[in-house]
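Please look through the sequence and the 3D structure below before reading on.

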Amino acid sequence: MNRAQKKLADAAVETGQNLFYGDGVRKNYRKAFPYLMEGAEAGHIHCMNLVGFCYSEGLGVDKDAASAVMWYEAAAEYDHPIALCNLAIYYDKGKDVPTNTEKAFALYLRAAELGDDWAACNLGVMYLDGVGTAQNLTEGIRWIRWAARRGEAKAQYNLGRAYREGVGVRANRRWAREWLGRASAQSHKLASDMLEALRD
């Protein structure tokens, strides 16, 4: 890619992301998608992930699981943490691909090591449940606590639940209420329901 081509690709990336996120312009996925695709094809890693997400959710383009996985894999090759996590979810849930919990675990682990909160939470749950890996309650709580402290509501719920049930930690109603309360404040319904039950 020569300098002029790079300049055009960079402009497409900026336009596409502005339209996708609604940054300075009205959010419009349909208009964003061609620019994001141009950026992805030019090698812009975050655009690869966004194109995958658009295909996954049908944002500005028809849903296409195969294309979503292809673009997530392309971004994951560059250790894009969100793409790694998105790809892990496909294999974890068997979302339009054969379920492969061992592959999901490896992808969550790499994404968590790169700082992705959602991946860290899901990784912790896999450790707690012994899915895709040998059960390890200590590691499970460690990753869930890390994500909870960074504000991830799902992790806060899981940590509160662990304290309520004594899974991987000593049962402690005060800490259960603390973490469930934090998740509830972020409109996590399961946390709100569990918190209400603890108050009865």
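Does Asp 79 count as buried, partly exposed or exposed? Asp 79 counts as partly exposed because its relative accessibility is 29%, where buried means under 20% relative accessible area, exposed means over 50%, and partly exposed lies in between, computed with a 1.4 Å probe on protein chains only.

## About the model

This is a predicted model, in which local features need pLDDT of at least 70 and side-chain atom pairs count only at pLDDT 80 or more, while totals for chains, interfaces and linings use all residues. Residues are numbered from 1 along each chain as its sequence is written, and side-chain values use heavy atoms, with hydrogens and water left out.

## The helices H4 and H5

Two packed helices are described by the angle between their axes and the distance between the axes. The axes of H4 (residues 65-76) and H5 (residues 81-93) come within 8 Å and cross at roughly 140 degrees, and this makes H4 oblique to H5. Here helices are DSSP runs of H or I with at least four residues, strands are runs of E with at least two, and both are numbered from the N terminus. Axes are lines fitted to C-alpha atoms, for helices over the stretch in contact, with angles from 0 to 180 degrees between N-to-C directions. Angles under 35 degrees count as roughly parallel, over 145 as roughly antiparallel, 65 to 115 as roughly perpendicular, and the rest as oblique.

H4 passes H5 in a left-handed crossing, a term used if the near helix is turned anticlockwise from the far one by less than a right angle, whereas clockwise is right-handed. The residues of the contact of H4 with H5 divide into eleven nonpolar, one polar and one charged. In this division Ala, Val, Leu, Ile, Met, Phe, Trp, Tyr, Cys and Pro count as nonpolar, Asp, Glu, Lys and Arg as charged, and the others, Gly among them, as polar.

Asp 79 lies in the loop between H4 and H5, and its phi is near 60 degrees, a positive value in a residue other than glycine. Asp 96, in the loop between H5 and H6 (101-113), has a phi near 65 degrees, also positive in a residue other than glycine, and Asp 96 is exposed, with a relative accessible area of 62%.

Asn 100 lies in the loop between H5 and H6 as well, and is partly exposed, at 29%. The C-alpha atoms of Asn 100 and Asn 28, 72 residues apart along the chain, are separated by 34 Å.

## The helices H2 and H3

The axes of H2 (residues 29-41) and H3 (residues 45-57) come within 8 Å and cross at roughly 135 degrees, so H2 and H3 are oblique to each other. Their crossing is left-handed, and the contact of H2 with H3 has ten nonpolar, one polar and no charged residues.

Val 61 is found in the loop between H3 and H4. Leaving out residues up to four places away in sequence, Val 61 touches Phe 33, Cys 54 and Tyr 55, contact meaning heavy atoms within 4.5 Å.

## The core

The largest nonpolar core has 62 residues, and those with the most contacts inside it include Leu 36 and Trp 71. Such a core is a set of buried Ala, Val, Leu, Ile, Met, Phe, Trp, Tyr and Cys residues joined through side-chain atoms within 4.5 Å.
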